[in-house]
Amino acid sequence: MADYEVPKLNEYPIIPKLVPDTMKHSAPFIAKEQFQGPLGFPGELPDNWKDVAIDKMGELLGKYRSLQVFLDICVHCGACTDKCHYFLGTTDPKNMPVARQELLRKVYRRYFTFAGKYFPKLVGAVDLTEEVLDDWYSYFHQCSQCRRCSVFCPYGIDTAEISMAAREILDSVGKGQKYCNEIIGKVYVIGNNLGLPEPALKDTLEGLEEEIEEDTGVKVRLPLDEKGADILLVTPSADFFAEPHVDGLIGYAKVFHEAGVSWTCSSKASEAANFGMFIGSYENMRKVSMRIREAALELGVKRIVFGECGHAWRVAYSFLNTLAGPFDFLDQNYPIPQHICEFTNNLIKDNKLRLNKEENDHMKLTFHDSCNVARGAGMGQVEGGQFTIPREVIKASCNYFYDMPQDTIHDATFCCGGGGGLLTDDLMELRVKGAQPRMEALKRVTDEHQVTNIAAICAICKSQFAKTLPYYGFTMDQIVSVHQLVSNAIVLKGSEQEAELDGETE
Amino acid sequence: MTLATTLYVGLFYIATIILVVGVAMRIKKYAQTPSPLVIPTMPAPRTETGVAFRMFREVAFFESLFRSNKWTWIFGYLFHFGMLLVLLRHLRYFTEPVWFWVNWVQPFGKYAAFAMVIGLLGLWARRFLVDRVRYISTPSDHLMLALLVGIGFSGLGMTYLAHTDIVAVKAFFLGLMRFSPQPLPTDPLLMVHLGLVATLMIIFPISKLLHAPGVFFSPTRNQTDSSRERRHIADWAKELEAKQ
């Protein structure tokens, strides 16, 4: 199956011994010139690349307090060293968060600090060379910006911030990553990551309407570009395209239908994900975000709801208001934006949804907290709502739910192994190895509670698990969408399911 | 005035200026650099009071470190809390009359020096014994520990083995503070102790010791979870809005 060793799943987590350079060869494909240009980056390494890179670093130090403070204050205590899923899965010491940061920090010291300028050896400062640049490209594309290290750092140092800065510097000297930069280009030209044009979207949505009617006998609408709708649904384009994502989309549609609200997708903002965050580019992140504002204005909606998408939710919850606000033209009685899980959970609490849990009795479930939802965003206007709300939705839809071990859920959750712009086939080895800690935790609940399925609210998690589960003795269909569970359980008014249930009880 | 006294007078004036001005400049830089996005490590407090409480737990109890590694926490806590008591005890050499509560701290401070040194030695041992920590340690990490251990041992030596003329030492420091230098005793332990302390003061603003003021500026710990309610736009980001 692979020309590398798939990590073992142990009964209890083991901190691996260091094996230097095991992942030195791992690097994603470089973006070609044609994809760099539209994002405002050079296509190849300029002659004066060193000056450009150092200037860029200086610029970012002045723009981001996080970068300036984090590069200064690390004391090398080692608290983060066993916290990164990529380190645990690969054993490469440069995947320890502090060591990854040091790749940038040692250059920062050399050019920006007194100690590094005059006593480089003493403080571990080095000149920027092509070798260092290659290390940056390799190892800053082995960080999924999941922020787990920042939870455990006594100063909250967040490697995601360092990785974003490093990728921005790399972009500024023409070393962009193909996967991310091509996708951002597609978003600008077509509107979504997968490059699905408007007619294809329309076709898909109509197909889903037919499917729902066949299953339930109810006409549930999945509108596109419908002006005057109350709600704009912004969801990852994977939801229009592949299992298990699309089952989640069916779930949202059924929930909206039962709520009796009018809603629409937009072909212009047919993508929730914002890859601008992955490459650390505020400008691109802002530009991608502005599509959503423009779509909301053009369609005249009153609310914006986001579908199941982890990094998208971080940008939506934490950044959207800053990047593309103020959203004073929307209905201020609702959170702006709102997560579909918040929307559904409110309906459940108000007893507005009829859910038949038995429809999911063929599954025993666990929930994977997606890293960017858990540590980068919130839900429900209460601290920790991002942990409780999705679980409440699952528990309202299913009879059997079991959490994975405490140190692998909530804010200690492990990344799926494919986040932060690494969900590409040219990084398959990294993705498989990075999934190890999550797979190990899943194995625990499988052994203890015979869990059959793992639910998630992130398109990247779902795609990553569909691909990596089989490497660890599971099957790809074990990953499900949370709203897929809702979709299974929901009893639509006037549906065949309703008739059947009520017939039985009478 | 002896040569030693003159040297140490100069050394401490310079060290104090470097420490105060250096740290002030650094703090100014941290304070003036914008935070263009809201990035608290979530879940984060939704109010300023909550943030103050989070920061207090972080600084007073090393909450995050406690979650991540119990050994580092124990040694780190012994060292930092021991050092705090030791520093408070040392206030008696800079105040006349001595503040009443410094007298209360005095007996604890004397033993806290042991905690401080044990903590430091534990942290140092980790730099050799734990392969992950060994990998990330630089020469300056070891030197910093050596410096602090040296300060601890020379101080303990004067408390328990070879007393110095502490009344004269106090007169020296009060003299420094009043700009009328007094003679400094020349016991070797005292010279070493004070020399290392001055060195520590000098390297503070150019080293990782900046973690002390820096933690208060860490956006992942000092921001509220309020992004949906409030825009946090930086000046440089506003310019992007004006451009389009």
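## Residue B:Ile14

B:Ile14 lies in helix H1 of chain B; helices (H or I, at least four residues) and strands (E, at least two) are DSSP runs numbered from the N terminus. The model is predicted, so local features need pLDDT of at least 70 and side-chain atom pairs count only at pLDDT 80 or more, whereas totals for chains, interfaces and linings use all residues. Residues are numbered from 1 along each chain as its sequence is written, while chains are lettered from A and ligands numbered from 1 in the order in which they are written.

## Contact between the chains

In chain B, 56 residues are in contact with 62 residues of chain A, contact requiring C-beta atoms, placed from the backbone, within 7 Å. Several helices of chain B each supply at least two residues to this side, among them H1 (3-32), H4 (70-90) and H7 (139-160). H6(B) gives the most, with 5 residues.

The side of chain B that touches chain A divides into 25 nonpolar, 18 polar and 13 charged residues. Here Ala, Val, Leu, Ile, Met, Phe, Trp, Tyr, Cys and Pro count as nonpolar, Asp, Glu, Lys and Arg as charged, and the others, Gly among them, as polar.

## A parallel sheet in chain A

Chain A holds an open sheet of 3 strands in the order E5-E6-E7, with parallel pairing; two strands pair if DSSP finds at least two bridges between them. Strands E5 (365-367) and E7 (479-481) are the edges, each pairing on one side only. E5(A) is joined to E6 (residues 453-456) by 3 bridges, and A:Phe367 has A:Ala455 in E6(A) as its bridge partner.

## A helix pair in chain A

The axes of H16 (residues 340-349) and H18 (residues 385-397) of chain A come within 9 Å and cross at roughly 50 degrees. Axes are lines fitted to C-alpha atoms, for helices over the stretch in contact, and angles run from 0 to 180 degrees between N-to-C directions. Residues of H16(A), including A:Cys341 and A:Ile348, meet residues of H18(A), including A:Ile389 and A:Ala396. By class, this contact has 6 nonpolar, 2 polar and 2 charged residues.

Terms used
Contact = placed C-beta atoms within 7 Å.
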